[in-house]
Each structure stands twice: as structure tokens, then as C-alpha cells.
Amino acid sequence: AVVSTQSTGGGTTTAAPAQSSTQEEDEAEEPPKAEKVEHVDSEALYHIKCKLFIKAEDGWNEKGIGIANLKKCNEKVQLLIRNDTTMGTVILNTLLHDKMPISKSGKNGIMIVATNEDSKTETFLVRVNKDKQEEFYEKLDELKAGPPA
């Protein structure tokens, strides 16, 4: 094959060498990591970092890690847990009531029987720091009768 070139007079043109990526650059590239955000509601009566599980036939399934907020909602108290990702997806949203079964489970868990988003009754396990279990349990027990006046 014959290639013809035209000269516009004067200079010579050289092609820039193609940049080759080094092995070092390839290793430095990491997939993006999920950004952690604590979704604390400014109107919360109480909040705590937790991990939420839901009871399944074969044990417990993890729903996510996030912040549990207890907040006033009309004449009741709402338990709202959001994932600690930037989206803050709601993983539990239920109203507390005085007949709601709440119990301690192990040294760092609180078991709650509540309705899920499909209005089905489910058993949830909220795992908190073992130093905070008693405090969270007492707060849930106190607020399930209604918000403070």
C-alpha cells in the first residue's frame, strides 16, 4: 500500500507516543466504596447506631446497619431505622404501642415484634453496642406508652 503525504512546508510532524498504563496505575484503581452517613433525625427523642435483623425460617437475615431514631408522630412514637448509606433507605418504620412485645436478647440485642411495610407481623432483632442495650431497652419501654408531654 502506498501512502501519500502532503507537505504544508516548514515543519515536520511527529505523533505523540501512545500512553501505556502501567501496572501500578491499574492496581491503584479501586471500585467506589459506599459512603457511610449517619441519618440522625433532628426531631428524634432518642437515636442509636444499630444493626437490624429480621427473623426467617432458617435463622436471622441481616437488613442493614444504620441509625435507629425514636421520634414523636402525632400521639405515638415512631421507630425509624435508615441504612447508613448516602441513600438512607428505610429498613424499619413502625409505630410503638403499649402492647408491643419488646425484650432483651443476649448481651447486645433487643427483640421487637412489629408490623413491616406490608402490614405483616414480623420479629426483628436490633443489635446495639452492649454498653447501650439497657439504655435503648428502657427508652423503647418508656416511649411505647406514648411520647413525653
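## Helices and strands

The chain in this predicted model has two helices and seven strands, and from the N terminus on these elements follow one another as α-β-β-β-β-β-β-β-α.

Among the contacts with a separation of 6 or more, 45% are made by residues 24 or more positions apart.

## The sheet

The seven strands form an open sheet in which the pairing is antiparallel, and their order across the sheet is β4-β3-β2-β1-β7-β6-β5. At the edges lie β4 and β5 (102–105), each of which pairs on one side only. On average, and with direction ignored, neighbouring strands of this sheet are turned by 35 degrees against each other. The helix α2 packs on the sheet, where it touches β1, β2, β3, β4, β5, β6 and β7, and its direction makes about 170 degrees with that of β5.

## Pairing around β2

The strand β2 pairs with β1 in the antiparallel sense over 12 bridges, and a hairpin of two residues joins β1 to β2. Within this pairing, His47 has Asn69 of β2 as its bridge partner, and Lys49 stands opposite Ile67 in β2.

With β3, the strand β2 pairs in the antiparallel sense over eight bridges, and Lys72 has Val77 of β3 as its bridge partner. Here too the two strands form a hairpin, with two residues between them, and Asn74 in the turn has a positive phi of about 55 degrees.

In soluble globular proteins, nonpolar side chains tend to be buried together. The largest nonpolar core of this chain holds 25 residues, of which Leu70, Ile81, Ile112 and Phe136 touch the most other members. Two or more residues of this core come from each of β1 (44–56), β2 (59–73), β3 (76–83), β4 (90–96), β6 (109–115), β7 (121–127) and α2 (133–143), and the largest share, five residues, is given by β1.

Leu70 illustrates how these parts of the chain meet: leaving aside residues up to four places away in sequence, Leu70 touches Ala44, Leu45, Tyr46, Val77, Gln78, Leu79, Leu96, Phe136, Lys139, Leu140 and Leu143. One of these contacts, Phe136, is itself listed with Leu70 among the core residues that touch the most other members.

Technical notes. Residues numbered from 1 in each chain as written. Predicted model: local features only at pLDDT ≥ 70, side-chain atom pairs only at ≥ 80, totals over all residues. Heavy atoms only, no water. Helix = DSSP H or I, 4+ residues; strand = E, 2+ residues; numbered from the N terminus. Contact = heavy atoms within 4.5 Å. Core = buried A, V, L, I, M, F, W, Y, C linked by side-chain atoms within 4.5 Å. Buried < 20%, exposed > 50% of the residue type's maximum accessible area, 1.4 Å probe, protein only. Pairing = 2+ DSSP bridges. Axes fitted to C-alpha atoms, helices over the stretch in contact; angles between N-to-C directions.
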